[in-house]
Every structure is written in C-alpha cells, then in structure tokens.
Amino acid sequence: MSASGPGTIVGIPGSADVKEIVNYIARIITSALEVKSSDCLLKNYGTITLNAMNQVLKLFPELSTEFNILASKFKEIQEASRKLVGIKDPAQYADAVLTIFTTYNVDPGLYGVFAALQAMEAAKICGDSDAKFFLVRTLLASSLPNNLYRLLLDYLSLDHNFPINLLKALLEKYGKENSG
C-alpha cells in the first residue's frame with residue numbers, strides 16, 4: 001500500500017498503482033452508498049433542491065445558461081438517478097453515475113456546486129446529519145472523474161504532465177485566437 005496510509009492514494013505524488021486507484025474508488029463509493037436519506041430529507045427534497053438551484057443562480061449568474069440547461073434535464077437526470085437506489089456494487093454504481101454524467105454531459109464541477117448547496121439547504125431544513133447525503137454526492141462528482149482520469153493515465157503509463165501541457169497549449173491558442 002501507499003505511504004500515506006492503507007487504501008489511500010491521496011497525497012502520493014506522481015503515478016499510483018492502478019490497483020490502488022481502483023481500491024480507493026471502491027472505498028469512496030462504498031462509503032457513499034452507506035449514507036441514507038432521512039424522512040425529513042425525503043419530505044423536503046423538492047424545497048431543498050429548489051432553494052439550492054436559486055442559490056446557484058444567485059451566486060453564479062455567469063453560469064445561468066449551463067445551470068438552466070441542466071435544470072431543464074433535471075427530471076430525466078433524477079429519473080436515471082433513482083435507478084441508483086439499492087445498488088450495492090461499486091462497479092455498478094460507478095457505471096450508472098458516469099453513464100448519467102456522460103449521457104447528459106453533466107459537468108462534475110457544476111454538479112458538485114449544486115450538491116454542496118443542496119447540503120447547505122438540507123442542514124438548514126433538516127439538520128447537519130442530513131447534509132451528508134448531498135456531500136457524498138459532491139465528493140463522488142469530483143472523485144469519480146478525477147480518479148478515472150488518473151486511472152487512465154497510469155494504466156496507459158502516460159506522464160501526468162502530458163494532459164496539463166496539452167490543455168495549457170490549447171488555452172494559449174484559444175487566448176491568441178480570441179484576443180484580437
């Protein structure tokens with residue numbers, strides 16, 4: 001296992017063993033699957049969600065187009081998300097979540113902000129313990145794509161600087177094309 005503790009890859013510079021990344025992903029998913037919703041949360045889910053959406057639009061008006069597009073697909077995304085209930089296998093869960101993200105082109109960062117605000121609203125309405133229901137979704141929204149990215153880089157034995165340098169070059173090219 002890694003030097004930072006058993007079963008973790010956090011804080012380890014450079015490449016990690018692919019098996020360690022997979023074990024870490026499974027551990028994060030398993031811990032998230034153990035978090036259950038309370039009666040208060042289920043009863044107030046609509047209010048929590050609407051309040052969170054209003055907060056997102058108030059805090060990030062420059063992203064209102066993206067959030068409104070996601071909001072228009074919210075019913076479909078929620079229906080797909082309901083199928084996650086009862087899944088106990090980390091592989092099935094990861095497949096279902098990432099399929100939702102790719103089917104609806106959900107930006108994990110946008111979803112993470114939204115879920116974090118849902119957590120804040122849940123804490124206000126139901127109490128701090130109910131915030132965890134949404135916070136694990138925030139964790140998964142960032143952890144799954146990031147660790148999938150790391151897994152791919154390490155599995156293919158690619159230098160971690162390659163995609164960073166590629167993005168930097170593309171952003172510089174974009175900047176030059178749009179500056180004048």
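1. First, a term: helices are DSSP runs of H or I with at least four residues, numbered from the N terminus. With that in hand, look at helix 8, which gives the most to the lining of the largest pocket, with six residues. A pocket here is an open set of points on a 1 Å grid over the protein atoms alone, where a 1.4 Å probe fits, with protein on both sides within 12 Å along at least five of seven lines; lining residues have an atom within 4 Å of a point.

2. Some ground rules. This is a predicted model, where local features need pLDDT of at least 70 and side-chain atom pairs count only at pLDDT 80 or more, while totals for chains, interfaces and linings use all residues. Residues are numbered from 1 along each chain as its sequence is written, and side-chain values use heavy atoms, leaving out hydrogens and water.

3. Back to the pocket. Its lining has 36 residues, and Ser81, Leu84, Val85, Phe133 and Arg137 lie nearest the centre.

4. Now follow helix 8 itself. Its 28 residues reach 39 Å from first C-alpha to last, close to the 40 Å expected at 1.5 Å a residue (that is, 1.5 Å times one less than the number of residues). Just after helix 8, check Ser157, which takes a positive phi of about 55°.

5. Finally, find Val136 in helix 8 (residues 128-155). Val136 is buried, with a relative accessible area of 10% (buried means under 20%, with a 1.4 Å probe and protein chains only). Beyond its neighbours within four places in sequence, Val136 is in contact with Ala32 and Val35 (contact means heavy atoms within 4.5 Å).

Conventions
Helices (H or I, at least four residues) and strands (E, at least two) are DSSP runs, numbered from the N terminus. Buried means under 20% relative accessible area, exposed over 50%, partly exposed in between (1.4 Å probe, protein chains only).
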